[in-house]
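Subject: The structure, and what was found in it

Dear colleague,

I am passing on the structure we talked about, together with some notes on it. Please open it beside this message and follow the notes as you turn it.

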Amino acid sequence: MQHTELKVGELARRTGLSIRALHHYDEIGLLKPSAHTASGHRLYTAEDIARLSHILSLKQLGFSLEEIAETLGRADFSALRVVELRLQRAREQLAEQRQLCDRLDSLARQLRAAEPVSADDFLQTIEAMTMFEKYYTPEQLKELEARRQAMGDDAIKQVEAEWPRLIASMREQMEQGADPASEPVRALATRWRELVRAFTGGNPGMEKSLQTMHQQEPRMAQRQGRDPKLMEYVGRAMACLDAPK
């Protein structure tokens with residue numbers, strides 16, 4: 001590494017950390033400066049600065065100071081792995097910000113058009129933001145964003161408008177006691193599968209994330225009309241589609 005020695009005040013200024021935080025790291029043995037001036041002032045070398053970078057990366061990933069010390073002290077510690085983990089989280093944050101921009105843009109369009117935007121609209125936007133971040137990987141969020149851009153806003157609006165009608169039609173068949181193997185239900189199940197695959201791109205991992213989200217977020221599923229009874233009926237209809245004729 002390039003030869004670098006910084007006093008604690010300079011390191012604090014360059015990193016945005018407080019001198020008090022650096023002193024604390026020194027006191028608990030997490031980041032002890034490798035050198036001192038003749039008068040006893042701390043001097044941080046390039047190796048110390050690299051270690052500080054690892055400390056902050058792990059801290060931002062949610063590690064406690066005790067966990068950071070244990071991780072950095074391992075014989076198999078990998079600086080590359082820490083950087084890769086932090087890079088992954090940075091990409092996740094970018095994906096989250098893209099999703100936030102999309103949802104705020106949708107609300108902005110409603111407001112520009114003087115369309116009424118209720119508190120429930122805002123709550124649903126917030127809920128959707130947290131749902132997607134919770135159940136989809138950064139790679140899946142990126143894939144969803146690419147598919148959204150490829151489809152375009154008009155196509156997405158058509159699909160969003162079709163889902164409630166499709167759910168209502170499937171519920172009507174269920175309440176009438178229709179056989180899941182009957183032709184009307186098979187037609188609805190076929191379209192249901194087409195819409196899911198349009199969203200997921202046929203990616204099994206994406207379909208699994210979508211299924212998990214609907215299973216573990218009953219409030220959202222209920223609001224969409226996807227109650228357990230209906231989804232069980234849909235599952236039977238899907239099984240009929242897959243059954244050999």
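The notes below go from the whole chain to its sheet, its helices and its cores.

This is a predicted model, in which local features need pLDDT of at least 70 and side-chain atom pairs count only at pLDDT 80 or more, while totals for chains, interfaces and linings use all residues. Residues are numbered from 1 along each chain as its sequence is written, and side-chain values use heavy atoms, with hydrogens and water left out.

The whole chain

The secondary structure of the chain comes to 12 helices and three strands, where helices (H or I, at least four residues) and strands (E, at least two) are DSSP runs numbered from the N terminus. Of the 245 residues, 35% count as buried; buried means under 20% relative accessible area, exposed means over 50%, and partly exposed lies in between, with a 1.4 Å probe and protein chains only. Among the contacts in the chain with a separation of 6 or more, 62% come from residues 24 or more positions apart, a contact being heavy atoms within 4.5 Å.

The sheet

The three strands form an open sheet in the order β1-β3-β2, with antiparallel pairing, and two strands count as paired if DSSP finds at least two bridges between them. The edge strands are β1 (5–7) and β2 (35–36), each of which pairs on one side only. Strands of a sheet pair through backbone hydrogen bonds, either parallel or antiparallel.

Three bridges join β1 to β3, and Leu6 has Tyr44 in β3 as its bridge partner. On the other pairing, two bridges join β2 to β3 (residues 42–45), with Ala35 standing opposite Leu43 in β3. Helix α3 (residues 46–60) packs on the sheet, where it touches β1 and β3, and its direction makes about 75° with that of β3; here axes are lines fitted to C-alpha atoms, for helices over the stretch in contact, and angles run from 0 to 180 degrees between N-to-C directions. The hairpin of β2 and β3 has five residues between the strands, and Gly40 takes a positive phi near 95° there.

How exposed is His36, which lies in strand β2? His36 is partly exposed, with a relative accessible area of 46%, and it touches His41, Arg42 and Leu43, not counting residues up to four places away in sequence. Asp26, in helix α2 (residues 19–27), is buried, with a relative accessible area of 10%. With the residues up to four places away in sequence again left out, Asp26 touches Leu31, Lys32, Pro33 and Arg42.

Helix α12 (residues 228–242) has 15 residues and reaches 21 Å from its first C-alpha to its last, close to the 21 Å expected at 1.5 Å a residue; the expected span is 1.5 Å times one less than the number of residues. Its buried residues are Leu230, Tyr233, Val234, Ala237, Met238 and Leu241. They lie on the same side of α12 because they cover an arc of only 145° around the axis, the arc being that of the directions from the helix axis to the C-beta atoms. The face turned away from this buried side carries the exposed residues Pro228, Lys229 and Asp242, and what covers the buried residues includes α8 (153–175) and α9 (183–200).

In helix α4 (residues 65–72), the buried residues are Ile68, Thr71 and Leu72. They fall within an arc of 90° seen down the axis of α4, so they line one face of the helix, and their cover includes α3.

The cores

A nonpolar core is a set of buried Ala, Val, Leu, Ile, Met, Phe, Trp, Tyr and Cys residues joined through side-chain atoms within 4.5 Å. The largest has 19 residues, and those with the most contacts inside it are Trp163, Met170 and Trp192. Helices α8, α9 and α12 each supply at least two residues of this core. Leaving aside neighbours within four places in sequence, Trp163 is in contact with Trp192, Leu195, Val196 and Arg226. Apart from this core lies another, of 15 residues, among them Leu11, Leu22, Leu30 and Leu52.

With best wishes
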